[in-house]
Amino acid sequence: MEETFDLVIVGGGPAGMSAAIVAARAGIKTIVIERGEFPGSKNVYGGVVYVHEIEKILPDFWKDKTAPIERIITDSRIVFANDHGAMQVGYKTDRFSDPPNVITTHRAKWDRWYANKAKEAGVLIVNNTVVEEVLRESTGKVIGVRTGRPDGDLHCKLVIFADGAQSPLLVRAGIRKEVKAEHVALSVKETIQLSEEEVTKRFGTKPGEGVTFEILGSLADKMDGVAIMYTNKDTVSLGIGANLEQWKKSKVTPYEMIDKLKEHPMIKPLVDGGQTKEYVAHWLPEGGYDTIPKLYGNGYLLCGDTAMLFNALHREGTNLAQETGRLAGEMAVRAIKEGDTSERMLSEYDANVKNSFVLRDMRKYRKFPHLLFNNPMIFQTLPDVVGDMIEEMLLVDGKSKKEKQKIIVRNIRKKVGLCRLMGLAWRAWRSVK
Amino acid sequence: MSKIEDKLYTTRYRVDHNTHLKIADMEVCRKCEGKPCTIFCPAKVYIWDEDHIRVVYEGCLECGSCRIGCPYFNITWNFPRGGYGVQHKFG
């Protein structure tokens, strides 16, 4: 491997591979180092991919029969759950089917397919290889990486770090600070197999189309838990996560929590009898705008999860990775062609990311992670109160509606307090406006 | 499916003979009150065994939570060697 490349990319996920495709297409000699058996084999996410950002690199990719698309999402639901019931709001439309807006796919299959597109563009992908060290010259400029292979030093003009939210590499190299527990959600996910017909029938979709559920509520045993349920072709992805700082104080394990989720009356009939095919765990870097590290330095760029780019409110991550990977790739092309990979030159990437929807969205929701962290009530008490309220109104038990109204108000007073509720509503609005 | 062992059985691994997870100082674990790693680790890698933590690294899902979740930062965490560890079928 003692060869010189223009560009070394650490990590074969959506960020790294997007950068690689853009660079290789412009004639930049590019290598991607992936620690798994193949790109995607170490990757985990909720399960949806947004079409718009991918089309910037692969126009009309969804018409390609080889693209590992599971289902096209035409039905998006938000669920507020208490421990024995759930309220749903959803939106279903044919407008999201052609062209599609969101699709479900499996990371391990998608990234592998996407990597083949990179190979076609001329990218060299080296699997089964961990990058262990960042190589610098005496001025501190990054000039390559040291891999775990014998004679595994790679020298280059520019390094793009796309090695994920954890990146022990960048922590060791002092490029990024260690992540704090309160800034990530630890999530677990099961892929549960039914059959294609059964998924279509149970979720009431057209063949080939699917549903996503984002679920808030007291599912996570006194933690700010968020769950997801997405339909794939013949499987259902069911996941649940909670803030790691809160998990440190919990008495419930992640595997107990996902089992409890499966028993919920809204979930159970949809996944019952299915067979779990895989169980995985991952972080969601949900700390938001204030946890984003510096995106560039002398000889290197950061993109995707590595830069903590994640929109917690909209559950968007891969599209931010995709977009910043593309922008990093474009920056690499310009810097390498002009023979200047200095910090000053690379600051242009920072400006481009700031001008894109990625940082605009994250800046807009800057206070949102703080709101969640400081108001655990949002996930626990509120869905509970909403559930009680609806249940009371639906239950026909001889009480007059006027009486029921009083019961509801009393219940809200007891569980939340009207002032607190108003205060919370105000703070919530302020955090996302 | 209630046991964690059953869940981990569905996940594909290529197990290295060396651990990538090490407890830096077992004395710290003995004094640690909640031993939260034994709860939050999604793969039940850390098991309190009378007077020490047993590290079942083979089932590690490589989420990294123990590295930053240990209240004493007492876990030395590295990626498994290239090509080893968990290998997702779906992810």
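Reply: What follows treats the interface and then turns to salt bridges and domains.

This is a predicted model, in which local features need pLDDT of at least 70 and side-chain atom pairs count only at pLDDT 80 or more, while totals for chains, interfaces and linings use all residues. Residues are numbered from 1 along each chain as its sequence is written, chains are lettered from A and ligands numbered from 1 in the order in which they are written, and side-chain values use heavy atoms, with hydrogens and water left out.

The contact (heavy atoms within 4.5 Å) draws on 52 residues of chain A and 39 residues of chain B. The size of an interface is often given as the accessible area lost when the parts come together. Here the buried area, meaning the accessible area (1.4 Å probe) that two parts lose on being put together, summed over both, is about 3,700 Å² between chain A and chain B, and carbon and sulfur atoms give 54% of it. Of the area that chain A buries against chain B, 18% is supplied by A:Tyr255, A:Glu278 and A:Tyr279, more than by any other three residues.

Polar interactions also cross this boundary. The rule for a polar contact (a pair of N or O atoms within 3.5 Å, where within protein one must be able to donate a hydrogen and the other to accept it, and residues adjacent in sequence count only if both atoms are side-chain atoms) finds 29 residue pairs across the interface of chain A and chain B, both residues at pLDDT 80 or more. On the side of chain A that touches chain B, at least two residues each come from α3 (107–120), α4 (168–173), β11 (185–193), α6 (244–247), α7 (254–262) and β15 (275–284) of chain A, where helices (H or I, at least four residues) and strands (E, at least two) are DSSP runs numbered from the N terminus. Among these elements β15(A) gives the most to that side, with 8 residues. The residues of the side of chain A that touches chain B divide into 22 nonpolar, 14 polar and 16 charged, with Ala, Val, Leu, Ile, Met, Phe, Trp, Tyr, Cys and Pro counted as nonpolar, Asp, Glu, Lys and Arg as charged, and the others, Gly among them, as polar.

The helix α7(A) is mostly covered, since 7 of its 9 residues are buried, a label that means under 20% relative accessible area, against over 50% for exposed and in between for partly exposed (1.4 Å probe, protein chains only). The buried residues of α7(A) are A:Pro254, A:Tyr255, A:Met257, A:Ile258, A:Asp259, A:Leu261 and A:Lys262. A:Thr253 is found in the loop between α6 and α7 of chain A, and A:Thr253 counts as buried because its relative accessibility is 6%. Not counting residues up to four places away in sequence, A:Thr253 touches A:Trp247 and B:Ile39.

From chain B, B:Arg12 is found in the loop between α1 (4–10) and β1 (13–14), and with 32% relative accessibility B:Arg12 counts as partly exposed. Leaving aside neighbours within four places in sequence, B:Arg12 is in contact with A:Glu37, A:Phe38, B:Gly85, B:Val86, B:Gln87 and B:Lys89. The side chains of B:Arg12 and A:Glu37 are joined by a polar contact of 2.7 Å.

A:Lys42 forms a salt bridge with B:Glu62, with the closest N and O atoms 3.0 Å apart.

A:Asp388 is partly exposed at 21% relative accessible area, and A:Lys415 is partly exposed at 33%.

Finally, the domain assignment of chain A, whose bounds come from an automatic or database domain assignment, gives domain 1 (7–70 + 105–177 + 293–355), domain 2 (181–285) and domain 3 (369–432). The C-alpha centres of domain 1 and domain 3 of chain A lie 44 Å apart.

Definitions and conventions: Salt bridge = Lys/Arg side-chain N within 4 Å of Asp/Glu carboxyl O.
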